[in-house]
Structure formats: C-alpha cells, structure tokens
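This briefing covers a protein chain and its ligand. It starts with the ligand and then turns to the chain as a whole.

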Amino acid sequence: MSRFLSQKFASIEPYVPGEQPQGRQYIKLNTNESPYPPAPGVIAAINSEEVAKLRLYSDPDARPLVAAIARRFGVGEDQVFVGNGSDEVLAFSFLAFGGEEKRFRFPALSYGFYPVFARLFGVKYEAVPLRADFTIDPADYIGCGTNVVLANPNAPTGLALGLDVIEEILRSNPDSVVVVDEAYVDFGGESAAKLLEKYDNLLVVQTFSKSRCLAGMRIGFALGSPDLIGDLQRMKFSFNPYNLDRLAILAGTAAMEDEAYLKSCTEKVCATRRRVTDRLREMGFEVLESKTNFVFAKKPGLPGTRLFAGLRERGILVRHWDDPLIVDYLRISIGSDAEMDTFLSAVREILEEDAK
Ligand SMILES: *Cc1c(COP(=O)(O)O)cnc(C)c1O
C-alpha cells in the first residue's frame, strides 16, 4: 500500500478470484467455467473484419445485444442493462441503490463479492447466517426493509429458493430493491424474470460466463423496470460508457440467439452433475443437491485441505475456503465427462492412500 492511497480504502479486502494458472495444464474445476466452447455463431461473429473495426469505439448502448436479450426475455429494451460481466452489473447496483441509510442484506455464505462491493462504495450491509443445513431462511428477508441481494441458486452451496419465496420477499419490501443474482439459473433454477411485470423493485442479474460459455468475454446483464435500469445507466455513463467492447457485443448477441446450444450445454452439465453427485455419495461424501454447474461436498473425517492438496498434486484445481464453517467442503465445478472421470479417479486414489 502506498502512502498515497485514500484512507477510506485502506481497510478493504479485495475479492480473491479462483486461480487461473498460466503454466501447467490443470483440469480447472475451480471457477465454474463451462467445459464447452461458446456457441458456433460466436466464433463466426468474431472475424478479421470485426477485428479491423476495433479502431472504432464500441456502441455505448450495445444495441444488438440489448435487443437480443429483450427478445429472449420478452421485455422492453429499456428494461435491459448490460455490463462488463455481471460483477460490474452488481457493482453498479450497490453503487446506485446502496448507501449509509440504504443498507443491503445478503446471506453470510454467498458470493464473496457482495461485501467487497459494499465496502468499496461505503454501503452498510447485514450478512445473515444461513441455517445449519446451508438453506436460506426466508424469514430473514421477508419484510426486512433493506435492499436485498440473493444469489439464486446460491453459491457456493448450489441450493435454490423457489419463486414463491422470492415473490414474498419482493412483495413485503416494496420500498427496497431486491437483486436476484441468477448466475446459475440455467442449470435448474427458476428465473424471477417472470415477476418483472408485477414488481418494480426487482432487479434480475444474469451472466454469460457460466451457461453461455463466455467467461472470458465478460458479459452480464440486468433486467428490471425502466426506472431501475435508468439508474444503472446513470452509473455507467458516469463511469465507463464503453463498458462492453465491440467483440463482446457481437459474441453476446450470437450466444443469446442460440437457445438450442444453451440447452444442449446445460443438459450435458446437469447429466454429468447427477453422475458425479451419485459417485461421490457412494464414496461416502455429503453432497448438497445442486441446481448449478458445481457441487459442494465434504467427506466426514477427511479434511478439506487434504483433499484440495491431493487433487492439486494430481493436476486438478477445485475451490476451497478457510472459513471454519465450510473448511472441510470443496466446491467442484462440473467439467466434461472425461474431466470428471479423472477427478473421480483422483478422489478414489486419495481415499485409498489415506486408508493405508
Ligand atoms: C460467477 C458469478 C458472478 C460473476 O459473473 P461474471 O459475469 O463473470 O462477472 C456473479 N454472481 C455469482 C453468484 C457468480 O457465481
């Protein structure tokens, strides 16, 4: 830290992303990326002609992408905001709707970025513990009177709330913004997008990084009432009007228009998830019933750090946290069938080694 850093940022603990190794070839099951390539239309859309146009700024309104998203969800174009990853969309949401008086409430075990955004922007927040079984207690959010952000399905647990609960939270907090972060919704969750007509305090946030196989392109979006979307635009145009580059707009449009490809990728991931869950349970693991492209699991008696290190030695990266509540759990992204077979063999090997 230099002596020049503004005092107000001295105590911020930045978010720590999952490792992106650049040397050794690992099987990457640590950041919930897709094992499958982007839709064929994406690869076609990014050609040398488009690269040559990079001398020009991108469209600050990202029009074709916004139009494709609006069509897919049956909402007006004025109900769509696009950002440089949903991280940016979430950041703008904290910036726009949070403050000293305007608190945010979210689960203590959820996406690790929420408290970081809150601190960065000086937003007061309440991190509410989950129940012992890692479920969210709806009572903590119904009528709570603060802004709310919920990852649904939640990470790193993989568990989802039903839309009836989301609706009750929206209905009982009419003067607060309820942000539903649906990064994993395409893997078995139920989107709150269908509630947009009824609730002007709802902001649905989704990403192209997981189900649409475009983590490296950095595209996320929000759906909401024209007024809420206007507020996000106000943040963006006060910060970085060209937040999506030209190639991201093209890639995102092509990906959003290929519903069949989305479906084929998510179906494959869900089938692999079922198989991995069953195999891990057969080996004595406790595995939460996931609605995402990862599983959250532990084996009683086996320290999480031991399994994490054993997998790493065998060239497999998974996610592990030091938080005592989940120190024995691993979050394992669902890769291709071949990758998951290698993963399962490695787990078996580690268990056999320890049994000796
Ligand atoms: C991955 C993830 C995001 C961020 O996605 P990007 O669009 O890549 O920025 C947001 N929320 C949750 C819960 C996630 O897991």
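**Ligand and chain in brief**

In this predicted model, an oxygen atom of the ligand is 2.7 Å from an N or O atom in the side chain of Arg218; a polar contact is a pair of N or O atoms within 3.5 Å. The protein buries 92% of the 390 Å² that the ligand exposes when taken alone (Shrake-Rupley method, 1.4 Å probe).

Residues are numbered from 1 along each chain as its sequence is written. Local features need pLDDT of at least 70 and side-chain atom pairs pLDDT 80 or more, totals for chains, interfaces and linings use all residues, and side-chain values use heavy atoms, without hydrogens and water.

**Around the ligand**

- The residues surrounding the ligand include Asp87, Tyr111, Lys210 and Arg218 (a heavy atom within 4 Å).
- A ligand oxygen atom is 3.0 Å from a polar backbone atom of Asp87.
- An oxygen atom of the ligand is also 3.0 Å from an N or O atom in the side chain of Lys210.
- Helix H4 (residues 85-97) gives the largest share of the shell, four residues; helices are DSSP runs of H or I with at least four residues, and strands are runs of E with at least two, numbered from the N terminus.

**The whole chain**

- The chain has eleven helices and twelve strands.
- Of its 356 residues, 52% are buried (under 20% relative accessible area, 1.4 Å probe, protein chains only).
- The C-alpha atoms fill a box of roughly 60 × 50 × 50 Å along the principal axes.

Technical notes. A polar contact is a pair of N or O atoms within 3.5 Å; within protein, one must be able to donate a hydrogen and the other to accept it, and residues adjacent in sequence count only if both atoms are side-chain atoms. Buried means under 20% relative accessible area, exposed over 50%, partly exposed in between (1.4 Å probe, protein chains only).
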